[in-house]
Amino acid sequence: MSKFFYRRKLDEIEDKARPVHINSYRQLVWAKFKSHKLAMFGAFVLVGVILFTVFGPLFVDVGYEDMDFSYLFSPPLTEGHPFGTDELGHDVLVRVMYGGRISLFVGLASAVITTLIGTVVGLLSGFYGGLVDRLLMRFVDVMLSIPMFPILITLTLVFGSGIMNIILVLTVFGWMGVSRLVRGLVLSIRETEYVMSARAMGVKNGRIILRHVLPNVIPIVIVSATLNMSYAILAESSLSYLGLGIQPPMPSWGNMLQRAMNYILGTTTGVNPWWLTVFPGFFIFITVLNVNFLGDGLRDALDPKFVSES
Amino acid sequence: MERILEVDNLKISFKTQLGRITPLDGVSFGLSKGETLGIVGESGCGKTITAFSIMRLLPKNAFLGEDTKIAFRGKDISTLGKEELQKIRGKSISMVFQEPMTSLNPLYTIGWQISEVYRLHEGLSEEEAMTRSVEMLRLVGIPEPKKRVTEFPHQLSGGMRQRVMIAMALACSPELLIADEPTTALDVTIQAQVLELMNELKDKFSTATIIITHDLGVIAEMCDRVLVMYAGQIVESGDIFDIFDNPMHPYTKGLINSIPKIEISKKDQKKLSVIKGYVPHPSSFPDGCRFRPRCPMAFEKCLEKPPMIESESHHSVRCWLFEGDDM
Amino acid sequence: MNSMPGDPLLQMRMQNPRVMTNDPERMRELREYYHLDDPLPVKYFTWLKSVMTGDLGYSSMYKTPAIDLITSRLPNTLILTITAWLIGLVVALPIGILSAVKKYSAFDYTTTVFAFIGISLPGFWFALIAIIIFSVSLGWLPVSGMATYGITGSWNVFVDRLRHLVLPAFVLGLVQVASWVRYIRTSLLEVLDQDYVRTAYAKGVPDRKVIIKHALKNAMIPIITIIALDIPYFFGGALIIETVFSWPGMGRLMYNAVISSDYNLAISCLMFLAIITLISNLVADFLYVMVDPRIRMGRKGA
């Protein structure tokens, strides 16, 4: 971190980097995003996962409920069962695919809903301010400092389990993080000169919000949405793992792990079915990981002041 | 007169995510003992980068040009190793920065921060260093220095903080002082005070000084010679009287003309003259003469890069208008 | 009891038909005893009042006062949480600092990737994998619980306890390390960008000193705050970890409460959590004031 630089032939640098001409904001964002290797990788993998879960089942003629009694507890790469089977002969690959649909759907839905609610609340609260804003933000701050997971499991007590209920559970308090971020940004935008001059010219508040504030808030909203999605997927799988989320027979990556836990020490026949634990969990992991990569890349690309050294 | 600093063909490039950018393209100048050089130009012309590159305070993705040489008292410091460079910084060459509000560490007393220089470069003990610091504070005109020495930066006003910076910079009597926009962030009355202080001290210590600013008024107050910079190059350089009385480059003329002047009688009032256009970004410097797109006197030759044309009185200009002139 | 749908009394009856009777007289008495027919604000205040006096109500599952259950389990959770917190600190701090100092180096990129992995890993999955590797395959560490039955001698007991603590504490700690490393790196980088750091370099201060004395000291302010504020999250994570490892702590207690619809116990646990959160926030505030002279003195001048 010393502020030194090294003497190098200018030609050397010339080979590695070309002088650049940027003409528009969109070009800048795209260029920055492209140069963020992890984000590109993440986007690529995510598309793969989505295709796998959404279209995969079309290529297989086995259902997630079908039991293949000739192959119980078989390890991966057994004939006809690339990921192995569980104690009832269900094919793990197929269950992973269907489970993926559920987990991704819950994750996406929660992310979208919480982001929408959070953005609206943040916009209104930040722009209009006043007592309501302050009280609301106090409340949000308090709720955000309490660890979310215990609150979530208590909420399942209130709302019950199942897809829709889980989405409800995740969204009831999930919008708070986004709203605080948005509100913070709105506060600073509100004090900028162009908003103040718009007000001075008599532009109606609603229009100001839509035309001036909202476009500037969008980048942070997009990034928040990705963060929310990764949290939602993790939360749903944790809840399902604990038996509080998606209930069998509907598969979800989380509840597959719950069943797997029963056999973690080995089955009665002495087999250690590690594949039951590894595959579903691995899918949760790479999905969340790549959503995070994507989010990080988006954040760097959309931040107007940020052009990194390479 | 000893040549304190000789900068030859200073070229700086940055390697960024988006490619290579060269904001500084072959700047050469020199400074003698006791001389005050002013570097003037608008934001983005590269003057701050020039200042920082002397002591190598640029970030890691900055690269020095192949043929660049920076000679301090005859020795090339652009290739010095880390430890050698650290010995020079703060002791033989020091800097004063633009933002006094953020240039001091908020967690240490100002006394500690000044004495750091003494402890580092002159090996003084904490007590001795503190005593010297109190002296420096008195020298820069801070009242009640003994009390102030135990205070934290946030307890001082902007003007006072800048005086502390000056005290820190001059503590070890450096041969060269580089001041980057030292008064830009201060109120006008405080500006005048600080400039007066700087004048006093640089005469007292006969420190060679480089003053970077966009304010021609400051240049007029403080400098013996001036460099006018535009888009990473020097476009005009010379004695302060020559520059003000007889500006040659159209940009220099434009700068001088755009100073708002207060005229009492309506007859003498003129419209504020303006240089049309914007300062180009380093990623898109124009070809040929970089000022051409904004220059009212541009002609075909300006599509080629103009060289620096020098006269006998060391008044140089980078402009085709003066090609072949007897100056 | 107050904010839950469904008649609590009916719930209780469903769970334990032998205890409750159908006798209307008795029902009426019970209703009065539990203030069930009072308007909502009254219910809330009576609840608050009893909480103040330490009466958290009865756990319908365990048939013991909730507060006894919680206080008996709390120490176990504390052991786990504090150990995990320490592990997190010891690992995250040096790595975070080094990544900031060596920005964009190979070390930094690797660390960033590991940090991403850390925040994307489902905690319970990580725990399961750890169990598969360390307990089942390698047999080094026990699978669950806090202690093995039948061990005697204080040294042996100590070692045994330690062996049980290792896996859960590491799993809990390492997940947090990931987010801390990124935060530490960001905080330090922000400080390194500050003008006063440049001033320090300009004075000729050697690199090491600049980083430690000038930069780090400033960066520690937000870092300490976050580390203190994150303590409640360890308790939250402990919930899952304790369940996976059958660790007899407050987290697992809460989970059991929810699974068996023991409203009282669940709410009581949540309330304890809220109190713990409050305490850590206070601690964080206190630390912040201690470390930053600007706050300590109040703003004068400038």
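This is a predicted model: local features need pLDDT of at least 70, side-chain atom pairs count only at pLDDT 80 or more; totals for chains, interfaces and linings use all residues.
So, chain A has eleven helices and one strand, with helices being DSSP runs of H or I of at least four residues and strands being E runs of at least two, both numbered from the N terminus. Residues are numbered from 1 along each chain as its sequence is written, and chains are lettered from A and ligands numbered from 1 in the order in which they are written.

Staying with chain A, 42% of its 310 residues are buried. Buried here is 20 or more other C-beta atoms within 10 Å of the residue's own, exposed is 12 or fewer, and partly exposed is in between, with C-beta atoms placed from the backbone. And if you take contacts between residues at least 6 apart in sequence, 71% of them join residues at least 24 apart; a contact is two C-beta atoms, again placed from the backbone, within 7 Å.

Okay, who touches chain A? On chain C, 42 residues are in contact with 38 residues of chain A. The chain C elements giving two or more residues to that side are helix H5 (106-120), helix H6 (123-137), helix H9 (207-229), helix H10 (231-245), H11 and H12. That side of chain C splits into 34 nonpolar, six polar and two charged residues. For the record, nonpolar is Ala, Val, Leu, Ile, Met, Phe, Trp, Tyr, Cys and Pro, charged is Asp, Glu, Lys and Arg, and the others, Gly among them, are polar.

H11 (250-259) and H12 (263-291) of chain C have a loop between them, and Ser261(C) sits in it. Ser261(C) is not a glycine, yet its phi is positive, about 55°. Most residues other than glycine have a negative phi. Ser261(C) is partly exposed, because it has 16 C-beta neighbours inside 10 Å.

Chain B has one like that too: Arg56(B), with a positive phi of about 55°. Arg56(B) lies in the loop between helix H1 (47-54) and strand E4 (62-64) of chain B. With 21 C-beta neighbours inside 10 Å, Arg56(B) counts as buried.

E12(B) runs antiparallel to strand E11 (residues 233-239), joined by two bridges, and Ser237(B) stands opposite Ser316(B) in E12(B).

Key: Two strands pair if DSSP finds at least two bridges between them.
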